[in-house]
Amino acid sequence: MRTLGVLAALAVALIIQTSLPAAAPVDLVLVVVVASALASGPLTGLVAGTLGGLIQDALSTGILGMGGLAKTVVGFAAGRFATQFIVTATIPRLLVFAAATTAHAALFMGLYSLLGLRSFPDPVTSVATQAVANAVIGVVGVRMVDAFPGMVERRRANRGMRVKR
Amino acid sequence: MALADIRQRPGLILGAAIALHVALISLQVTTQSGVTVFHAVVFGSVAEAQRGASGATGSLRSLWDGYLDLRRVRAENETLRGEIGGLRIQLQQERVTAERAEALRRLLEFRERTPLPTTGAEVIGSGASPEFRTVTIDKGTSHGLAANLAVVAPAGVVGRITLPSARASLVQLLVDRNAAAGALIERSRVQGIVVGVGDGGLRMDFVAATGDVVAGDIVVTSGIDGLYPKGFTIGTVERVERGDGLYHVITVRPAVDVSRLEEVLVVLTPPAAEAQP
C-alpha cells in the first residue's frame, strides 16, 4: 500500500513536473523522494529515488542514471536521517528538504562536471532557489498529505449528519 | 525470508543501486578516446583477465618447457652416465694394461739384473685349497721347466716348482706351511731357515739367541738349500722375540705380495747345478 502510494506520488509529481515551464526552479520528483524517505525510511527513499531519478533521466536528454544516482543517494540519506532524528516539525523538515536539494544538486552537477559533460555557470543561485522552493513545496505537500485522511473523514462525517437531518 | 534479510541491510541495497547507476552511466559516457566508459572498463577488465590468463598460460608453458627440458636433460644425463661408465671401464682397462706393462718392465729389468738364466711366466691360477699355498704358471716342461726350480719376482722369492706339466707348472709358494728356504740376515749375515706359517707370513727358525737380528733387517736367500739362488730377497724382519730355548723367534714379512702376483721369473738353473764345477 505504501509502495503504491509512493508510486502514485511519483507519477503525479512527474506529470506536474513535465507540465511546468522548463525554467521552473523546482524538482517535484525530488520532493516526493525526500518526503517518502522521511515518512517510510531509507529503503523507501532509495527505491523512490532510483525510480524517480531514472524516469526523469529517461524523459530528459541527459545521461541515464545521473539523476537516478543522485536521487538514490539523497533518498537513502534522508531516510537514514529521519530514522536518527525527529523531523516532524516544520523547520526541521524545511531544513531537510533544503539540505537534500543541495546535496542532490551537488551530486548531480558534480557528476556531470566530473565527467566533463556539462558546465554549470552559476550553480549557487539556482541551487539555492530550488532548495527554498523544494523545501516550501515539500513541507506544504507533506502537511497536506498528512491532513488528507482527516479531511476525508470529517467530510464523510458531515455528509452523514446532513443525511440524518 | 531472503527479502527480509536484504531489507535489514539497506547499505547493501544502496551499494547495489549505486553500482547499477554507475554501470548505467558508464554505458553512455564516452572517454576522451571516444569509447564509452563501460566499454573502456569492460575492455580494461577483460584485458587484465587476458593478461592474467596469458601470464598463467606463459607460466604453464614455461613449466611444461621446463619439464620437457628436464626430461631431455634426464635422458642426456643417462646417456652421459652410460658414456662415463664406459669410459671408466676403459680407463680401468687402460690402467690395468699400464700396471701390467709396468710389472713386465720391472720383471724385465729384474731379469736383466739377474745373472742367472731365467724365463718369464704368467700366473694363470691360484691354489685349489686354502691349506696349500700354491699358484699355477703358464709354462711347463715344454718350456724347459722342471721340478724344484726357483720362482722369483722383482720383489723377491716366490717359491719353487713342485709339479711341472708340459704347458703349466704348480708352484709352491714360500708362505706355504710346508715350504722352507735357507736364509740369512743381510746386515749381520746371521743364518737360519725361513718357513711358511700358512697364513701368508713367514718365520725364521734356527737363529741363535745370540745372533744379531733386529726388526727391519732384510732377509735374503742363503743358497744352502740347493733350491733358491743366493741373494734373493725373502722379506723383512717384522718382530724378534726371545724364545724358550736357544733360538730367537723371528717373524718375517714376505717381500712378495702373493695375492697380487701376475708375472714371475723361473730360474732355469738350479743352485746345485750352478754350484757344480
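**A covered helix, and a contact between chains**

Most of α2(A) is covered, with 11 of its 13 residues buried (20 or more other C-beta atoms within 10 Å of a residue's own, C-betas being placed from the backbone). Bear in mind that this is a predicted model, where local features need pLDDT of at least 70 and side-chain atom pairs 80 or more, while totals for chains, interfaces and linings use all residues. Residues are numbered from 1 along each chain as written, with chains lettered from A and ligands numbered from 1 in written order.

The buried set of α2(A) is A:L28, A:V29, A:L30, A:V31, A:V32, A:V33, A:V34, A:A35, A:S36, A:A37 and A:L38. Helix α2(A) covers residues 28–40 (helices are DSSP H or I runs of at least four residues, numbered from the N terminus). From first C-alpha to last, α2(A) reaches 18 Å, close to the 18 Å expected at 1.5 Å a residue (1.5 Å times one less than the residue count). Just past α2(A), A:G41 has a positive phi of about 105°.

Now for the neighbouring chain. Chain B puts 11 residues in contact with 15 of chain A (C-betas within 7 Å), and α2(B), residues 10–28, supplies the largest share of chain B's side, 9 residues. The axes of α2(B) and α4(A), residues 66–84, come within 8 Å and cross at roughly 165°, so α4(A) and α2(B) are roughly antiparallel (over 145 degrees). In that contact, A:M66, A:G68, A:L69, A:T72, A:V73 and A:F76 meet B:P10, B:L14, B:A17, B:I18, B:H21 and B:I25.

Notes
Contact = placed C-beta atoms within 7 Å. Helix = DSSP H or I, 4+ residues; strand = E, 2+ residues; numbered from the N terminus. Buried ≥ 20, exposed ≤ 12 C-beta atoms within 10 Å, placed from the backbone. Axes fitted to C-alpha atoms, helices over the stretch in contact; angles between N-to-C directions. Parallel < 35°, antiparallel > 145°, perpendicular 65-115°, else oblique.
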